[in-house]
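The sequence and structure come first.

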Amino acid sequence: MRIVKFLGSLLLCGFLIYALDTHNPLGQAVPALGRVLNPVSGFWANAEPKMVKPSKKLGLKGFKGKAEVIFDERLVPHIFADTPEDAAYAHGYVTAAHRLFQMDLSTRKVSGRLSEILGERTLEIDLLQRRKGLNRIAQMHLETIEKSPAENAILQAYVDGVNAYMTTLKPASYPIEFKLLGMKPEPWSKLKSILFLKAMAEDLCFRHEDIAATNTRTWLGAEAFDFLFPEYNPKQSPIIPADTKWDFKPVVNTAKIEPSLLSGIFPEPAMPMAPEANGSNNWAVSPSKTLNGNPILCNDPHLALRLPSIWYEVQICTPEANAYGVSLPGLPGVVIGFNEHIAWGMTNLGHDLLDWYQIKFVDQDRTRYELDGKVKTVEKVKESIQVRGRKEPVNIEVKYTEWGPMVWEDSTKSDYYGLAMHWIVADPAEKRAFHEFGALWGLMKAKNYNEYAATLNGYDAPPQNFVFASKDGDIALRVNGRLPIRSKGQGRFVQDGSSSANGWQGYIPRDQIPATLNPARGFVSSANQNSTANDYPYYYYGGFDDYRGRFINRSLAEMDSVTVKDMMALQQSSYSLQAEEAVPIFLKLIPVEKLKKDEAAMLAELRTWDFRYDKNKAAPAIFQGLLDSTYRLTLDEFMAQTEKHEIIFPEGWRFLELMDQHASHQIFDIQDTKNRETAADVALKAFKQVYKANAVAYKAKTLKWQTINNASVNHMALIPAFSRNNLPISGINQAPNAIRGGHGPSWRMVVELDKKKGLKAYGVYPGGQSGNPGSHWYDSMVLPWAKGEYNELFVMKNAQDKEKKTIAKWDFAGVK
């Protein structure tokens, strides 16, 4: 009888595994749970022991020399190789070993191939990506890279390493996400690495408001628009010190804005863009301001927080370089880090580098258009998208003009109308010895300021603020990348695409891009604020921070005898300059006599608040609710307009300025009431809303910022079981520790460069080295990161360095 029951159970188990493994046993798409639950090849096959990694001797086809990879206790690979190509090969191999699914999914998204594995739910995303032309841009970039022998060799070696690792995989050892999706890894390529770089460009320099700004100006009128949307915050503390002298003759752009386009309404929907909060902090302090007389460099890039982390920590040592830092899974080399001589870091620039042009078609099919008095024919590019669950692919044609692709083909405005997208990332690269990959590899071996500056000349996009410090005592910061030459106001609104004179007139010469070396104030810093003061000869615009940069500059100016611990404290500061400036305005406007006793007690929290977004305090939750509610009530007419077409909203700094200096302005009038409200009326109403929403928690003393903020690190495929939510961390996007929901510091690094004793470096990121949810190293640094802890980074002197514990060694050698 037991045998019968056993056989019956075995048969039932086999049937369930088969049924669940089909992805649609009940007629709808579900993960392949049978494959995941299979005790032999499923999730359990992905489990890893906590502190033991097997050492290996790897004989690999295509590997030309030899390399050793030593893993430390945090699973950081320390790569020692005879040549840059061997190092890149090993880097590709170990990255794939720990981040293969992340690499695959990231490049599928940017290239418009998600629907191959996820079906109909991602088809619109894929269609948009194809219309934006990312594959075409990446292919063009690849052709450029292949003309640079040294750069191409490193990239090819990295690709070979990734593919060498993939040949070792069997279905049982596929990363768990592949099993869930019932798919297998596909070979890596140089094009995929470039696509990953373009994904970063899309994340960091794709933001634009031309269409929405034009609609808003049409709706409000020119006078009201200019009043509500000034381009420069008078309180700004720019990246390059305001007293910098611009000792050069600028190139002039004579393009003029076509007035007729400033009165149009464009029906195109907004494209998904990275949040405006995408930014970072970096700074370097000169020896004259530090306790030990050494320069200290700090960097914490703020990005969407994901598991696996966007960063992969690594040391790469060759005869010409010994660099340590973080890399991007999919790209060879250290992106942010240091070597024995220098340290470097990045923040995002914030400039708008994408313009829209109205195309005047001469036929209803939108295949021929006017340009400079002549008729041009669009180039049609066929795109085919495989969709899981469909027998036939989805085929589309993307039309390209001389400006760029026609992203939206379903406009209802006119048969003879269209908008073309011109993005700086799509422009052909200038002919030179190396480009982005070569620039990043060049930083790894740079020894001084001159080599750092020369290396950055090869870097175009996404443009970044590169901070620098050297053991020689130099500190510097360069606004770096390819930046267009614009006329005043050009690109802020939709432009006339029938005249090439409305295009950019080249790019700002590299020696005229803002930069500073060893400024008198003793520090350099950037936090995504304006690059310069208003006297910089070239026009630019974009989305810029208005608070973090000012607070960091103020803090560094006040400091002396600076230590590494001081710098860590500043990185983790939750102090909000926005709150410091806003709270007195609210306290002035809200009449206490119109509040009930309990309401007055809640408002009193703001009177004694120190403006820090402490995770355990109620005051930041009260203030943030008050600020957000006041903003929504005031801009009710803007909210209503969003149902008709895309518009922009006044910036936060300008909104507070209006409350303080123009409290009776008509913008504060709430549309659905009879009375004419002022800023005081709106603030009072907003505060009462906040009290009503939070009264129970406030009285119970359970109202705290941590609950409201819900700092999270989500799995990249948004699988809840693989995510980490409601982390115990203080901060806000307006503070140096810019934590807001699932966005924040993705890597914290502090480096002190001592010319005599060598360097000391510290770092941490909210994740772990492994992309495997069954590994101890999947999220091993999330809680330490949330608590403000740092790892002292183990920079091995050579492969035999035993200063700290190591757990495994992989020996790479070639075989025929």
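Helices (H or I, at least four residues) and strands (E, at least two) are DSSP runs, numbered from the N terminus. The model is predicted, so local features need pLDDT of at least 70 and side-chain atom pairs count only at pLDDT 80 or more, while totals for chains, interfaces and linings use all residues. Residues are numbered from 1 along each chain as its sequence is written, and side-chain values use heavy atoms, with hydrogens and water left out.

**Backbone**

P308 sits in the loop between β6 (306–307) and β7 (312–318). The peptide bond that leads from L307 to P308 is cis, with omega near -5°. A cis bond also joins A461 and P462, with omega about -5°; P462 is placed in the loop between α13 (449–456) and β17 (464–470).

N518 is not a glycine, yet has a positive phi of about 50°. The loop that holds N518 runs between β20 (515–517) and β21 (523–526). With a relative accessible area of 36%, N518 is partly exposed (buried is under 20%, exposed over 50%, partly exposed in between; 1.4 Å probe, protein chains only). N710, also not a glycine, has a positive phi of about 50° and lies in the loop between α22 (705–709) and β22 (714–715). N710 is partly exposed at 33% relative accessibility.

**Cavities**

A cavity is a set of points, on a 1 Å grid over the protein atoms alone, where a 1.4 Å probe fits but cannot get out; lining residues have an atom within 4 Å of a point. Grid points are joined across faces, edges and corners, and a volume is the space filled by probe spheres set on the points. By this rule there are 6 cavities of 30 Å³ or more.

| Cavity | Volume |
|---|---|
| Largest cavity | about 200 Å³ |
| Second largest cavity | about 170 Å³ |

The largest cavity is lined by 18 residues, of which M200, L204, V335, M346 and Q464 are the closest to its centre. Two or more lining residues come from each of α9 (190–205), β5 (296–304) and β10 (342–348). The lining of the largest cavity holds 14 nonpolar, 4 polar and no charged residues (Ala, Val, Leu, Ile, Met, Phe, Trp, Tyr, Cys and Pro count as nonpolar, Asp, Glu, Lys and Arg as charged, and the others, Gly among them, as polar).

The second largest cavity has 14 lining residues, and the closest to its centre are K198, V425, D427, A429 and D460. Helix α6 (residues 134–145) gives the most to this lining, with 4 residues. The lining of the second largest cavity divides into 7 nonpolar, 2 polar and 5 charged residues.

Note on methods
1 Å grid on protein atoms, 1.4 Å probe; cavity = no way out; pocket = protein on both sides within 12 Å on 5 of 7 lines; lining within 4 Å.
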